[in-house]
Amino acid sequence: MRRAPTILHLDMDAFYASVEQAAKPSLRGKPVVVGGIGPRGVVATASYEARVHGVRSAMPTAQARRLCPNAAYLSPRFTLYRQVSETVMELLRALSPLVEPLSLDEAFVDLEAGGVAPETAAVRAVGARLRRDIRAATGLTGSVGLAGAKMLAKIASEQAKPDGLVVIEPGTERELLGPLPVRTLPGVGPATAEALRRGGIHTVAETAEAGEAELVRLLGRAHGTGLYAMALGQDDRPVVAERDAKSVSVEDTFEVDLTDRTRVRNEVLRLADRCVERLRAAGRSGRTVVIKVRNYDFSTLTRSETLRGPTDDPAVVREAAVRLLETVDTTGGVRLLGVGVSGLADFTQEDLFAQIATEREAAQHAVTAEPEAQEEREPVLEEELPRRWHPGLDVVHEEFGAGWVQGSGVGRVTVRFETPWSAPGRVRTFAVGDPALRPGEPLPLLGGPDQSSAPAIRPKSDSPAADGESETGEEISSR
């Protein structure tokens, strides 16, 4: 335990929802929910305006809609979230070489390793300056906790929410922790909390009073001993700059159970490609391919295959995923599919046999395919992969410029045309196949159309009259 609160924990406030509010002027001050928007979706983040209605992360989206029907429900835009996260992480790296990211919106920082004096006044000043710098660079707010241990710094940042700073002075740990619920401690999930509850333990103070021997009896030696130290406020875990990922995976939950075997196979192929994209973006390769299948009755199966060497070849991962799928019975209906790669490495060793098989299959297909069959296949692909306009998606219209999808259905798509630096924009509706409308790229949260990093997107109808219209847009749809 340190004698000064030199470990900083930053947690961005309602990160995904806050980014969406910053990017969409019409949503500022209104409830926003980001996550899966279908009937089987799950809330990733809810804005504070939505939380007052009871909406929480990991809640089914259907339940959130019942609690807060007037919120804007948006699909995640991880490309933008990663861009904003990298800006924040760069600010943290300027404070210290020891930065431990936990997710896109959360990280520990060892200020002592960055040369900050081990004094409360000094670290408090650093925390306050960091919050100002984050707001200046991104327009967003973050909460900062400072303490002598990682566990305490995280608790402090939680108490600081939203947009605050809390310092836990060394020596005051047990007084602070005592009345908190036992779930506050790291490693205490629902199962552990239930085991402690059966033993009459509900708070951190009661956990400490129970003693190490009783906790070992209830939870086992390793877990019991560690939990007792945490309850006393003791946490000597260091800030680790490099957290090595163990796997990379993607998964999708479907609004309607998939029963068609060809559709299931195509979804696995699509997920395999997305998984490889993430793998390559991280500069990694993997040796073991894993598929996850959740059936209509919520039973979940996983199958894995270990290759001869690590790879980042999409053809190899696709072929392995399909082989694994052949061992699973999906006739009852599939609710969720996932593809992952584990056994990560920084180099690749091509699976030559898989490549040969893929090339042989492609060559045979080229020989047997007739021109007429190729011509007939093109419209079929169009029907299988229609353009889907998810709420929140960035779009560009040839006449009206940049905007985002507010909703779609019955062959129509509704778009609100606004930018992060504009007034709330005008809403317009188009046919889903309108050739003038296309997916766009996220715009920077700060600056303006003249900012060097901003895409050069300007509406053709850029006139004072159009500007006047933008202030009279309709209210945001809840769908």
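A residue counts as buried here when its relative accessible area is under 20%. Keep that cut-off in mind, and keep in mind too that this is a predicted model.

With that in hand, have a look at helix α6, which spans residues 150-160. The buried residues there are Lys150, Met151, Leu152, Ala153, Ile155, Ala156, Ser157 and Ala160. That makes eight of the 11 residues in α6, so the helix is mostly covered. As a reminder, an α-helix has 3.6 residues a turn, so residues three or four places apart point the same way.

Zooming out, the protein has 479 residues, and 44% of them are buried. Its secondary structure comes to 16 helices and 17 strands.

Now for a pair of helices. Two packed helices are described by the angle between their axes and the distance between the axes. For α10 (residues 212-219) and α11 (residues 221-231), the angle is about 140° and the axes are 7 Å apart. Angles over 145 degrees would count as roughly antiparallel, so α10 and α11 are classed as oblique to each other instead. The crossing of α10 past α11 is right-handed. On the α10 side, the contact is made by Glu212, Leu215, Val216 and Leu219, while α11 brings in Arg221, His223, Gly224, Thr225, Leu227 and Tyr228. Sorted by class, that contact of α10 with α11 has five nonpolar, three polar and two charged residues.

Further along, helix α12 covers residues 261-281, and Glu267 sits in it. Is Glu267 buried or exposed? Its relative accessibility is 10%, so Glu267 counts as buried. Which residues does Glu267 touch, leaving out those up to four places away in sequence? They are Phe254, Leu258 and Leu337.

Last, the cysteines. A disulfide is a covalent bond between the sulfur atoms of two cysteines. This structure holds zero disulfides.

Terms used:
Residues are numbered from 1 along each chain as its sequence is written. This is a predicted model: local features need pLDDT of at least 70, side-chain atom pairs count only at pLDDT 80 or more; totals for chains, interfaces and linings use all residues. Side-chain values use heavy atoms; hydrogens and water are left out. A disulfide is a pair of cysteine sulfur atoms within 2.5 Å. Buried means under 20% relative accessible area, exposed over 50%, partly exposed in between (1.4 Å probe, protein chains only). Helices (H or I, at least four residues) and strands (E, at least two) are DSSP runs, numbered from the N terminus. Axes are lines fitted to C-alpha atoms, for helices over the stretch in contact, and angles run from 0 to 180 degrees between N-to-C directions. Angles under 35 degrees count as roughly parallel, over 145 as roughly antiparallel, 65 to 115 as roughly perpendicular and the rest as oblique. A crossing is left-handed if the near helix is turned anticlockwise from the far one by less than a right angle, and right-handed if clockwise. Contact means heavy atoms within 4.5 Å. Ala, Val, Leu, Ile, Met, Phe, Trp, Tyr, Cys and Pro count as nonpolar, Asp, Glu, Lys and Arg as charged, and the others, Gly among them, as polar.
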